[in-house]
Amino acid sequence: QVQLVESGGALVQAGGSLRVSCAASGCTFRCYVMGWFRQAPGKEREFVAAINWSAGRTYYADPVKGRFAISRDNAKNTVYLQMNALKPEDTALYYCAADERYSPNYAAYDFWGQGTQVTVSS
């Protein structure tokens, strides 16, 4: 049974930085790709970033390119999302997701965490 647990969400000021983490358990090939998605109130869940097992490929949504960085530590079964130059529009519930292959479509992912709240004040 794959379990994903996010942590690290917080209230930060605009321009600040934050790192959120996702600890995975029960993964085999089913966690080949780990992704971060976010959902703001009243909006659809949207893709943020993803990374494959070898960390050789990373993927980013246009709004976060150059500001966010995804990484993974396979020895710790943990994925990180380093968020810099945060903006109020980055405010959302951030979810970790896992699947066998990459997709920017949230519906393609089989496994999800419960989410961690990131709030950016102006």
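Guide: Ring pairs link F37, F47, Y59, Y95, Y102, Y109 and W112 into a cluster. This is a predicted model, in which local features need pLDDT of at least 70 and side-chain atom pairs count only at pLDDT 80 or more, whereas totals for chains, interfaces and linings use all residues. Residues are numbered from 1 along each chain as its sequence is written, and side-chain values use heavy atoms, with hydrogens and water left out.

Visitor: How many aromatic pairs does a search of the whole structure find?

Guide: The search finds seven aromatic pairs. Rings of Phe, Tyr and Trp (its six-membered ring) pair if their centres lie within 6.5 Å; planes under 30 degrees apart count as stacked, over 60 as edge-to-face and the rest as tilted.

Visitor: Why is the pair of Y59 and Y102 called stacked?

Guide: The ring centres of Y59 and Y102 are 3.7 Å apart and their planes lie at 5°, so the pair is stacked.

Visitor: What makes this pair of Y59 and Y102 tie together parts that are apart in sequence?

Guide: Y59 belongs to strand β6 (residues 58–60) and Y102 to the loop between β9 and β10 (111–112), so the parts that the pair ties together are 43 residues apart in sequence. Strands (E, at least two residues) are DSSP runs, numbered from the N terminus.

Visitor: Why does Y59 count as buried, and why is Y102 called partly exposed?

Guide: Buried means under 20% relative accessible area, exposed over 50%, and partly exposed in between (1.4 Å probe, protein chains only). Y59 has 17% relative accessibility and therefore counts as buried; Y102 has a relative accessible area of 29%, so Y102 is partly exposed.

Visitor: What makes the pair of Y109 and W112 edge-to-face?

Guide: The planes of Y109 and W112 are 65° apart, with 6.3 Å centre to centre, and the pair is edge-to-face. Y109 is buried, at a relative accessible area of 4%, while W112, at 26%, is partly exposed.

Visitor: How do you know that the charged end of R45 sits over the ring of Y95?

Guide: A charge sits over a ring if NZ of Lys or CZ of Arg is within 6 Å of the ring centre and within 35 degrees of the ring normal. The charged end of R45 sits over the Y95 ring at 3.8 Å from its centre, and over the W112 ring at 4.7 Å from its centre.

Visitor: Why is N77 called partly exposed?

Guide: The relative accessibility of N77 is 39%, so N77 counts as partly exposed. N77 is found in the loop between β7 (68–73) and β8 (78–83), and its phi is near 50°, a positive value in a residue other than glycine.

Technical notes:
Helix = DSSP H or I, 4+ residues; strand = E, 2+ residues; numbered from the N terminus.
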